[in-house]
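Please read them beside the coordinates.

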Amino acid sequence: MVPLENYLVLSAILFALGVYGVLSRRNAVLVLMSVELMLNAVSLNFVAFAAHLDPDRATGIVFAVFVIAVAAAEVGLALAIVIRLFRNRSSANVDEAATLRW
Amino acid sequence: MITEVLWWIVAAGVVGASAGVVLSRSVVHAAIFLILSLAGVGAIYLFLTVEFIALVQFLIYGGAVTVLILLALMLTRMGASGRPEPLTGAQAPFGALVAAALMATLIGVAVATAWPGDLGGSPTAISIERIGAALFQNYGAPFIIMAALLLVAFVGAIVIARQEDGD
């Protein structure tokens with residue numbers, strides 16, 4: 001059997017990799033992909049806690065479902081913004097989108 | 001025993017694929033690594049005996065979200081100069097420092113804490129019936145709000161990405 005700590009450590013590694021991607025990448029789509037990694041790490045944590053500590057109420061499972069739904073909404077909206085940005089600036093580089101109005 | 005070996009193989013694959021997402025020099029390779037990583041996390045859910053979340057993970061993340069990301073990559077591939085732009089900024093070493101500090105902290109907390117109710121055993125199977133009851137009875141109102149949020153977000157996405165006349 002695999003103890004709870006294994007899942008938590010795996011989730012911590014995934015989250016840290018996502019943080020590194022968000023901080024270091026310049027392409028907006030790659031930043032989004034790193035955010036997806038972080039969200040996945042969080043929902044893995046929720047599900048691991050639910051399965052190990054709170055199987056009767058399944059609260060963590062519901063949280064994971066909500067995280068997945070919000071992530072889908074976020075990625076759809078953010079990619080629309082990236083496409084709009086690319087149309088206006090011919091670049092998906094987040095460093096160039098430093099002003100809200102031009 | 002075989003479960004543990006399989007778990008370590010899948011976990012190593014997930015970590016490797018995730019590293020590929022943040023380190024890859026090609027955006028398309030990064031997207032492929034992302035599919036692998038998300039599917040691997042779905043497999044980890046199977047070890048936790050929550051098949052429902054694993055299925056949702058495969059369908060929504062492995063299917064829909066990655067297709068959306070790949071389409072956006074195709075639409076925003078080239079810069080104005082016609083050649084690919086550098087993908088990683090000069091701030092990368094500082095990002096690595098912050099991420100390493102965060103990872104050390106999180107792992108330290110995860111290992112050192114005595115989680116209440118943790119018997120050290122294998123996870124208890126959570127049936128789909130129980131998930132459905134929790135989702136539609138205990139958390140019915142948030143579920144409806146979530147549906148409204150999804151609808152609003154996608155209508156907003158259409159409005160933002162729409163090609164306007166004379167724009």
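1. In α2(A), Met33(A), Ser34(A) and Leu37(A) meet Ser18(B), Val21(B) and Val22(B) of α1(B). Contact here means that the C-beta atoms of two residues, placed from the backbone, lie within 7 Å. By class, this contact has 4 nonpolar, 2 polar and no charged residues. Ala, Val, Leu, Ile, Met, Phe, Trp, Tyr, Cys and Pro are counted as nonpolar, Asp, Glu, Lys and Arg as charged, and the others, Gly among them, as polar.

2. The model is a predicted one, in which local features need pLDDT of at least 70 and side-chain atom pairs count only at pLDDT 80 or more, while totals for chains, interfaces and linings use all residues. Residues are numbered from 1 along each chain as its sequence is written, and chains are lettered from A and ligands numbered from 1 in the order in which they are written.

3. How do α2(A) and α1(B) pack? Helix α2 of chain A (residues 28-53) packs with α1(B) at an angle of about 155°, the axes being 9 Å apart. The two helices are therefore roughly antiparallel to each other, and their crossing is left-handed. Axes are lines fitted to C-alpha atoms, for helices over the stretch in contact, and angles run from 0 to 180 degrees between N-to-C directions. Angles under 35 degrees count as roughly parallel, over 145 as roughly antiparallel, 65 to 115 as roughly perpendicular and the rest as oblique. A crossing is left-handed if the near helix is turned anticlockwise from the far one by less than a right angle, and right-handed if clockwise.

4. α2(A) also packs with α3(B), at an angle of about 170° and with axes 11 Å apart; α2(A) and α3(B) are therefore roughly antiparallel to each other. Val29(A), Leu32(A), Met33(A), Glu36(A) and Val47(A) of α2(A) make this contact with Ile53(B), Val65(B), Ile69(B), Ala72(B) and Leu73(B) of α3(B). By class it has 9 nonpolar, no polar and 1 charged residues.

5. For the contact between the chains as a whole, chain B gives 77 residues and chain A gives 65 residues. On the side of chain B that touches chain A, two or more residues come from each of α1 (2-23), α2 (27-47), α3 (51-75), α4 (92-112), α5 (128-138) and α6 (140-161) of chain B. Helices (H or I, at least four residues) and strands (E, at least two) are DSSP runs, numbered from the N terminus. The largest share of that side, 11 residues, is from α4(B). By class, the side has 57 nonpolar, 16 polar and 4 charged residues.

6. Within chain B, α1(B) and α2(B) pack at an angle of about 155°, with axes 8 Å apart. That makes α1(B) roughly antiparallel to α2(B), and the crossing is left-handed. Residues of α1(B) in this contact include Trp7(B) and Val10(B), and those of α2(B) include Phe33(B) and Phe47(B). By class, the contact has 14 nonpolar, 5 polar and no charged residues.

7. Chain B is divided into domain 1 (1-78) and domain 2 (126-167), with bounds from an automatic or database domain assignment. The C-alpha centres of these domains lie 22 Å apart.

8. On confidence, the model scores ipTM 0.89 and pTM 0.89. The pLDDT, the predictor's confidence in each residue from 0 to 100, averages 87 in chain A, where 97% of the residues score at least 70. In chain B the mean is 85, and 90% of residues reach 70 or more.
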